[in-house]
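Please look over the fold below.

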Amino acid sequence: MSLSPDFSKKDINKNIDRLINEGYEVARKASDGDSWESVISLLDEFEFRFERECSVNSHLNSVMFDEKFNQEYEKTLPKISKFYSNISTNKELFNAHKRVLDTNLTQQQTHIVHEAIKGFQLSGIDLDPDKQEEFKKIQEKLTVLSNSFSNNSLKSTNEWKKSVSKADLPGYSEDQLSKIRKKDGSFEITLQMPVYLDLMTFCENQTLREEVYKAYISRASEIGLTSKKYDNTKIMDEILKLRLKLANLLGFNNYAELSIASKMVESPNQVIDFLDLLINKSRSQALNEFQELESFAGCKINPWDFAFYSEKLKEKKYGFKKSDLTPYFPEENVLNGLFSLIKELYEILLKEIKEDSYHQDVKVFDLVKNNESIGRVYIDLYARENKRGGAWMSDYQPLTEKNKPVAFVVCNLNKPTQDKPAMFEFDEIVTIFHEFGHALHHLLTKVEYPCASGISGVPWDGVELPSQYMEFFAYDQEVIKKISSHYLTGESLPDELYQKIIDSKNFQSAIQMLRQCEFALWDIKTHMSSEDTYEILNEVRQKTSIIPPINENRFLNTFGHIFSGGYAAGYFSYKWAEVLAADAFYYVNQSGSINKDLTYSFKENILEVGGSLDFMTQYKKFRGGEPELKSVLLSNGIQ
Ligand SMILES: [Zn+2]
C-alpha cells in the first residue's frame, strides 16, 4: 500500500503503453466472466493502477508545465482516449456486465452495474461497426483539441507582460506592490489571476485598467493583444461541431441531451426553466444594484471600472476594504482552523507529513481517524508561472480494500513574502473550503470499488454539492474565530469586522447570480444548437447582461470549463448543486447552530457513498424530502 505518488515524470509513454496492454488483457479475461468478482473486481483493480498513472501525469502537466514534458504528455492522450473508447465499445465486455446483472448483487453493486451498462450505451455500443469507428475517431480528436485549447489559454496568459512604474499604480498598497515588484525595483503587470484582480480592483489609473482588461478579455483570440497564434476560435467551433456529431450518432438531437442522460436533471428544458426562474427572480434587483453603483461612481461604468467602483462602494457601504481583512488570515491559521472544523464535523484529524513531492510549496497531510490514517491530501496553494490558473481538487487514487484514498488540492494564491507569511483574502479562503469539500468527498468515502468510490461515478450535477456545502461553513462566526489570527497581534477577527463580512456577503449578489446564469444558459443553449456560439451568447445576454460587453470581449476563448474541462452542457451543475448545498446547510443549521446528527447524516448519505447509489435518492434520504429553491435565494439575499 502506498500513499505517495511517483512524481518523477519518468517514462510516461512507456508506462502508459505497458498499462494499456495490460488493460486489454484484463478486459479479455473479464469478458469471459459472469460474476461481480470475475468482471467488475478485475476491471476495478486495473482501473485503480491506470487512473493513478493518468492522474499524476495530468496533475504535473497542470502544475509543473514544461514544453518537453507536455510533448510527452500529449502523446499519451490519444492513446488513453483510444483505450477507453475501445473498452467502452467492447461488446463481449458489455455482455459480461449484463450477465453480472443477473447474479445476486447488493443494492450498491446493482446501481454500479446499471450505470456501467448505461455508460456502454452512451459510448455507442449499439452502433454499427462503421459508425462506431467514426464515434471513436471523434472522441480522440476531441481530447487533442481540448488540450490545445487549454495550452493556448495558458500560453496567451503567460505571454502578456507590461513593465510599469510605481507612479502608474496609484491606489496600490505596499502589499500589493510587493507582489509585482521585480528585482530591479520596477513593477510587472501580468495576466495571472491575483495580479489581474489587484489591478482591476485597486488601480486608480483608468487607462491602465482599460488596457489590461482588454488584453485579459481577448486572450487566445483573433483580436491580437496576445499572439494570434494562440487563437482558440477555430478549435472551439470544431469542438462544438464534433460534439453535435457525437450526439447525433447516438440518436440524440443535440449534445445537451447526451450530456444530461448521465445527470440528475431530466432534460435540457428543465435546466433552461430552472435558470430562467433564477434570472427572473434576480433581474430587477440586479438592475437596482447596478444603478446604485452608477450613481455612486457618478459616471458611466465600463467593464474595466466595475470591480474598481464596486470595491469603493462596498468600502463606503460597509466601511472596510478587502485588504483590512487579509492580515487576520495568515495561511497557518486558515489551514489549522479549517482542520479543526473538519475534526469537529467528522472527527477526522489532519496531520502534516514531511515528504518531498514535486515542488517545495506543496504540503502533505494525512487524514487520521482513531489513530489510523484513512487517506492523504497534497496541498499546492501558491500561484507560480507554469501552473494552470484557478483552483481545483483532483483524485489521485481511490479507496480499495488495500489502499487509502489520496487527493490533490490546488489553488493559485499569494505566496509568503520575505518578511510576511502568506495571507489570504476572504474569498480565497472560501475557495479553499470549496476545494476541501471536494477533497472530503473523495477522502471520506466508504466505497471500496474504484469505479464508484469518492467522486467517481457521482453525476456532474451532484459533484459540486459537497464543495458548495463546505463554503457555507466559511461564513460561520465560530469558524471564522478559528481561522483568523492577526499576523502581528494574534488577535482573531473582531466581531465588528465579522458582521461586515456577513452584511457585505450579498453585495451585488443579484448581478453575480445573473452572471453565473449567463454562463450556464449560454452553455446549455450552445450545446442545443449549431448557430455561432457568440451569437448565442448575445441572445442570452439580452436577459442577463447589465453592462454591455465591449467588442474585444472574447471571454469564451479561454472558458476552460466548457472547452477543456468536463462541464460541457453541464455548467448549470454549479447552480443546481448550489440549490442543494443551500438547502442542505439551512437544514443542518435550522435551529441556529450546526446539528451534529444531521451533519453525520450528510456524511453517511452523501460523502461516504460516492457514486455507488442514486444521488437524488440519497439526498432525499438525508433531507427527508425534496430540496427547496427558496434556500438559494435566501442565501444570496435575493427577495
Ligand atoms: Zn468545485
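## A crossing of two helices

In which hand does α16 pass α17, left or right? The crossing is right-handed. Note that this is a predicted model.

Helix α16 covers residues 426-443, and helix α17 covers residues 460-473. Their axes come within 7 Å and cross at roughly 135°. Roughly antiparallel would need an angle over 145 degrees. The two helices are therefore oblique to each other.

On the α16 side, the contact uses V430, F433, H434, E435, F436, G437, H438, L440 and H441. They meet P466, S467, Q468, Y469, M470, E471 and F473 of α17. By class, this contact has eight nonpolar, six polar and two charged residues.

Helix α4 spans residues 91-101, and helix α5 spans residues 107-122. The axes come within 10 Å. They cross at roughly 155°, so α4 is roughly antiparallel to α5. The hand of this crossing is left.

From α4, the contact takes F94, H97, K98, V100 and L101. From α5 come V113, A116, I117 and F120. Seven of these residues are nonpolar, one is polar and one is charged.

Helix α1 runs over residues 12-31, and helix α3 over residues 67-88. Here the axes come within 10 Å and cross at roughly 5°. The cut-off for roughly parallel is an angle under 35 degrees. That makes α1 roughly parallel to α3.

Which residues of α1 meet α3? They are I12, N13, I16, I20, G23 and A27. Their partners in α3 are E72, Y73, K75, T76, K79, I80, F83 and I87. This contact divides into eight nonpolar, three polar and three charged residues.

## Overall form

How many helices and strands does the protein have? There are 26 helices and seven strands.

Along the principal axes, the C-alpha atoms fill a box of roughly 70 × 55 × 50 Å.

## Domains and their contact

The domain assignment lists three stretches: domain 1 (12-126), domain 2 (161-218) and domain 3 (327-486). The C-alpha centres of domain 2 and domain 3 lie 30 Å apart.

How many residues of domain 2 are in contact with domain 3? Five residues of domain 2 are in contact with five of domain 3. On the domain 2 side, the elements that give two or more residues are α7 (174-180) and α8 (193-202). By class, that side has two nonpolar, two polar and one charged residues.

Note on methods
Residues are numbered from 1 along each chain as its sequence is written. This is a predicted model: local features need pLDDT of at least 70, side-chain atom pairs count only at pLDDT 80 or more; totals for chains, interfaces and linings use all residues. Axes are lines fitted to C-alpha atoms, for helices over the stretch in contact, and angles run from 0 to 180 degrees between N-to-C directions. Helices (H or I, at least four residues) and strands (E, at least two) are DSSP runs, numbered from the N terminus. Angles under 35 degrees count as roughly parallel, over 145 as roughly antiparallel, 65 to 115 as roughly perpendicular and the rest as oblique. A crossing is left-handed if the near helix is turned anticlockwise from the far one by less than a right angle, and right-handed if clockwise. Two residues are in contact if their C-beta atoms, placed from the backbone, lie within 7 Å. Ala, Val, Leu, Ile, Met, Phe, Trp, Tyr, Cys and Pro count as nonpolar, Asp, Glu, Lys and Arg as charged, and the others, Gly among them, as polar. Domain bounds come from an automatic or database domain assignment.
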